[in-house]
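Here's a quick tour of one protein chain, written for someone who likes to check geometry before setting anything up. Have the viewer open and follow along.

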Amino acid sequence: IWLTGVFLCFFILLSLLLSANIMKKKKAEATLRQLTLELSDRVEERTRELSIAGEEMKRREEQMAHLLSNLSGMVYRCKNDAYWTMLFVSEGCQALTGYLPEDLISNKLATYAELIDPRDSEQVSAIVADAIESKKHFAVEYRLITKDNSIKWVWEQGLAVYDGQGNCLYLDGIITDISDRKKIEEEQTRLTTAVEQTDDLIIITDTEGSILYANPAFERVTGYRLAEVKGCN
């Protein structure tokens with residue numbers, strides 16, 4: 001009887017322990033299911049956020065590409081090295097240089113330094129170096145040799161980007177074609193030279209007859225200097 005009672009107590013105790021263990025297991029499984037559901041919800045929410053952020057980034061990239069394509073020139077980001085290694089160039093690169101953007105990026109087909117006319121390369125390097133040293137914008141005009149070996153005059157403006165220690169990381173800027181302006185300036189220079197060297201008296205007045213300009217021949221013939229007659233009728 002005592003032995004049977006001991007076995008019964010043992011089995012009852014074992015049953016209670018097994019029941020408690022089963023309850024803990026079920027509770028742990030329920031908690032795990034809840035955590036799994038919460039994690040799944042969070043993953044879905046994060047996925048939606050990333051999707052929205054990706055769409056917004058894509059929209060901004062398309063907007064930026066559209067804005068850059070409307071600029072009359074080439075927007076760039078390059079390294080401050082001997083090759084002016086391009087990290088980014090806009091679509092205006094082809095119209096300006098004859099090269100596709102991917103032809104210049106990472107010096108794939110040509111370096112931008114090779115496109116700068118050798119007569120101007122030293123001046124360009126000096127102006128950019130001074131701007132980097134003083135941490136100011138730079139602006140420079142120079143001749144560019146295009147893919148078909150034609151010469152274009154360009155105007156470039158840019159600014160260096162620095163790290164926390166003040167070291168130049170790269171250069172950002174824009175380059176535009178000013179060849180037409182240069183031609184006009186050259187024609188004006190030739191015209192001015194011709195006017196100043198001719199022996200004929202040339203006078204320019206406004207609609208009221210007030211003298212605005214007189215060439216050197218006028219001074220030689222009349223004895224009056226331009227400063228004396230300017231503004232007179």
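What follows goes through confidence, ring contacts, a hairpin, a cavity and some backbone angles.

First, the caveat: this is a predicted model. The protein chain averages a pLDDT of 88, with 95% of its residues at 70 or more. Helix H1 (residues 2-69) is where confidence is lowest, with a mean of 78, while strand E3 (residues 138-145) has the highest, at 96.

On to the rings. The count of aromatic pairs comes to 1. That pair is Phe 10 with Phe 11, an edge-to-face arrangement with 5.8 Å centre to centre and 65° between the planes. It qualifies as edge-to-face because the angle is over 60 degrees. Phe 10 is partly exposed at a relative accessible area of 49%, and Phe 11 is partly exposed too, at 48%.

| Lysine | Ring | Distance from ring centre |
|---|---|---|
| Lys 135 | Tyr 162 | 4.7 Å |
| Lys 182 | Trp 153 | 4.4 Å |

In the Lys 182 case, the charged end is what sits over the ring.

Next, the hairpin. Strands E6 (residues 203-205) and E7 (residues 211-214) run antiparallel and are joined by 3 bridges. Ile 204 has Tyr 213 in E7 as its bridge partner. There are 5 residues between the strands, and Gly 209 in this hairpin takes a positive phi near 95°.

How many cavities of 30 Å³ or more does a search of the whole structure find? The search turns up 1. The largest cavity holds about 70 Å³ of space. Its lining includes Tyr 76, Cys 78, Trp 84, Met 86, Tyr 112 and Glu 156. Strand E1 (74-78) and helix H5 (118-134) are the elements that give two or more residues to that lining.

Trp 84 lies in the loop between E1 and strand E2 (86-89), and has a positive phi of about 50° although it is not a glycine. Most residues other than glycine have a negative phi. Is Trp 84 buried or exposed? With a relative accessible area of 11%, Trp 84 counts as buried, because that is under 20%.

Asn 107 is another non-glycine residue with a positive phi, near 60°. Asn 107 is found in the loop between helix H3 (101-104) and helix H4 (112-115), and is partly exposed, with a relative accessible area of 23%.

Definitions and conventions
Residues are numbered from 1 along each chain as its sequence is written. This is a predicted model: local features need pLDDT of at least 70, side-chain atom pairs count only at pLDDT 80 or more; totals for chains, interfaces and linings use all residues. Side-chain values use heavy atoms; hydrogens and water are left out. pLDDT is the predictor's confidence in each residue, from 0 to 100. Helices (H or I, at least four residues) and strands (E, at least two) are DSSP runs, numbered from the N terminus. Rings of Phe, Tyr and Trp (its six-membered ring) pair if their centres lie within 6.5 Å; planes under 30 degrees apart count as stacked, over 60 as edge-to-face and the rest as tilted. Buried means under 20% relative accessible area, exposed over 50%, partly exposed in between (1.4 Å probe, protein chains only). A charge sits over a ring if NZ of Lys or CZ of Arg is within 6 Å of the ring centre and within 35 degrees of the ring normal. Two strands pair if DSSP finds at least two bridges between them. On a 1 Å grid over the protein atoms alone, a cavity is a set of points where a 1.4 Å probe fits but cannot get out, and a pocket is an open set with protein on both sides within 12 Å along at least five of seven lines; lining residues have an atom within 4 Å of a point. Grid points are joined across faces, edges and corners, and a volume is the space filled by probe spheres set on the points.
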